[in-house]
Amino acid sequence: MRYERHRPSRNSPRIAETDSAQTAVALVIERLPVGCGPAFAGSAEELAAYERARDRK
């Protein structure tokens with residue numbers, strides 16, 4: 001199985017390709033922006049509501 005690392009859109013140019021899932025994940029992690037927080041499961045609206053509620057505390 002081949003794993004590909006693309007920019008944010010699948011239509012963007014491929015950045016890297018590897019046979020290893022672990023290497024593919026490492027490629028993504030090492031290119032995360034500084035200060036990038038954890039993933040959020042939900043819509044953009046749900047994320048905004050969560051951040052507003054968190055910031056009020």
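1. Let me begin with contacts, meaning heavy atoms within 4.5 Å. Among those in the protein chain between residues at least 6 apart in sequence, 3% join residues at least 24 apart.

2. A word on the ground rules, please. This is a predicted model, in which local features need pLDDT of at least 70 and side-chain atom pairs count only at pLDDT 80 or more, while totals for chains, interfaces and linings use all residues. Residues are numbered from 1 along each chain as its sequence is written, and side-chain values use heavy atoms, with hydrogens and water left out.

3. Now the overall fold. The protein chain has two helices and two strands, and their order along the sequence is β-β-α-α. Both kinds of element are DSSP runs numbered from the N terminus: helices are H or I with at least four residues, strands are E with at least two.

4. How much of the protein chain is buried? Buried residues account for 11% of its 57 residues. Here buried means under 20% relative accessible area, exposed means over 50%, and partly exposed is in between, with a 1.4 Å probe and protein chains only. The protein chain exposes about 5000 Å², and carbon and sulfur atoms supply 54% of that area. Accessible areas come from the Shrake-Rupley method with a 1.4 Å probe; for residues, only the protein chains shown count as cover.

5. Thr18 deserves a look. It sits in strand β2 (residues 14–18) and counts as buried because its relative accessibility is 12%. Leaving aside residues up to four places away in sequence, Thr18 touches Met1, Arg2, Tyr3, Thr23 and Ala24. A polar atom of the Thr18 side chain also lies 3.2 Å from the backbone nitrogen of Ser20.

6. Helix α1 (residues 21–30) holds Leu27, a buried residue at 15% relative accessibility. Leu27 and Glu17 are ten residues apart in sequence, and their C-alpha atoms are 9.5 Å apart in space.

7. Helix α1 is also the place of Val25, which counts as partly exposed at 46% relative accessibility.

8. Which charged side chains form salt bridges? The whole structure contains two such bridges, each defined as a side-chain nitrogen of Lys or Arg within 4 Å of a carboxyl oxygen of Asp or Glu. Glu30 pairs with Arg31, their closest N and O atoms being 3.3 Å apart. Glu30 is exposed at 56% relative accessibility, whereas Arg31 is partly exposed at 39%. Asp55 meets Arg54 in the other bridge, at 3.3 Å from N to O. Asp55 is exposed, with a relative accessible area of 55%, and Arg54 is partly exposed at 42%.

9. One aromatic pair turns up in the whole structure. The rings of Phe40 and Tyr50 have centres 5.4 Å apart and planes at 35 degrees, so the pair is tilted. Phe40 lies in the loop between α1 and α2 (44–56), and Tyr50 lies in helix α2, so the pair ties together parts that are ten residues apart in sequence. Rings of Phe, Tyr and Trp (its six-membered ring) pair if their centres lie within 6.5 Å; planes under 30 degrees apart count as stacked, over 60 as edge-to-face and the rest as tilted. Phe40 is partly exposed, with a relative accessible area of 33%, and Tyr50 is partly exposed at 44%.

Note on methods
A polar contact is a pair of N or O atoms within 3.5 Å; within protein, one must be able to donate a hydrogen and the other to accept it, and residues adjacent in sequence count only if both atoms are side-chain atoms.
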